[in-house]
Amino acid sequence: ASTLAAAAQQSGRYFGTAIAAGRLGDQTYTTIANREFDMITAENEMKIDATEPNRGQFNFSAGDRVYNWAVQNGKRVRGHTLAWHSQQPGWMQALSGSSLRQAMINHINGVMGHYRGKIYAWDVVNEAYADGNSGGRRDSNLQRTGNDWIEVAFRTARAADPSAKLCYNDYNIDNWNWAKTQGVYNMVRDFKQRGVPIDCVGLQSHFNSNSPYNSNYRTTIQSFAALGVDVQITELDIQGGSATTYANVVNDCLAVPRCTGITVWGVRDSDSWLGAGASPLLFDGNGNKKAAYNSVLNAL
Ligand code: XIL
């Protein structure tokens, strides 16, 4: 195969990228994105502040630009994200308690209703666990509505669009030895035992010197999969862009049948949220394939 998407399809997987609506007028960007990737995540356009800027008033203009570009080019779409402490509109930041809980439910229904039947997988809840050694939940306005907020989000999501896979997505849950990974693992195991609807775990996999790739990544993927959920690598970038590390990530996913696809968090280094200096992606700022690109293509 000569593209990332075609190579991933050989094993029934996908290879995706994050797309920013504001870059869709850049022909170098769209040419690479259209050629190489078959799964699209809106980098910001389906987040809470974008889709419900005022309470009860939904705006899908930017989200639809990304969605329509993807579908018109034959690609599937991951939905990102419905319940998160970050990128909340001001009105939501100001809420608490039962009114915030209801606003979360209404938001899930509004956004999933708009895209009903059209999304491969939704990141229903994003980044709900704390960094560090606690293995527990992150403090947030959503967490303060009650510990059951995550399962309420997932039950709401299942009813709003039964055709979408429902994912829990987080960063720093790549290293099997980390308390945060174990915290999320225990939540997913509990959800599966109690019949709370969850279909997938998203490993963001933003690797850098503080959270480096570790060879136990494969154990993490295998362990989540063994609970009966798919695993998706949802926001991959590697500070420094090591070709070897990129190959390791791909090989670890391919080793687990339920690791269904990989998404990199941007097209060119110059598109990355980390800045081009981090050199974290597969194409350089001129759109040229990097060593990491060839390494990924060969591993797929
Ligand atoms: C980032 C985007 O890439 C930036 O453009 C934005 O300013 C902040 O959010 N985890 C996530 C993503 O789940 O939504 C984040 O995306 C990166 C970290």
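**Notebook: salt bridges**

I looked up Glu151 and noted that this residue is buried, with a relative accessible area of 17% (buried is under 20% relative accessible area, exposed over 50%, partly exposed in between, with a 1.4 Å probe and protein chains only). The model is predicted: local features need pLDDT of at least 70, side-chain atom pairs count only at pLDDT 80 or more, and totals for chains, interfaces and linings use all residues. Residues are numbered from 1 along each chain as its sequence is written, and side-chain values use heavy atoms, with hydrogens and water left out.

I found Glu151 in a salt bridge with Arg155, with 3.6 Å between the closest N and O atoms (a side-chain nitrogen of Lys or Arg within 4 Å of a carboxyl oxygen of Asp or Glu). The two residues lie 4 apart in helix α7, about one helical turn (helices are DSSP runs of H or I, at least four residues, and strands are runs of E, at least two, numbered from the N terminus). Arg155 is partly exposed at 39% relative accessibility.

I then noted one network, in which salt bridges with shared partners join Arg23, Asp26, Arg268 and Asp271.

Next I checked Asp148, which pairs with Arg101 in a salt bridge at 2.7 Å between the closest N and O atoms. This pair links distant parts of the chain, 47 residues apart: Asp148 is in the loop between β4 (121–126) and α7 (149–160), and Arg101 is in helix α6 (residues 97–114). I have Asp148 as partly exposed at 33% and Arg101 as buried at 13%.

Asp139 and Arg144 also form a salt bridge, 2.7 Å from N to O. Asp139 is exposed at 59%, and Arg144 is exposed at 55%.

My search of the whole structure gave 17 salt bridges.
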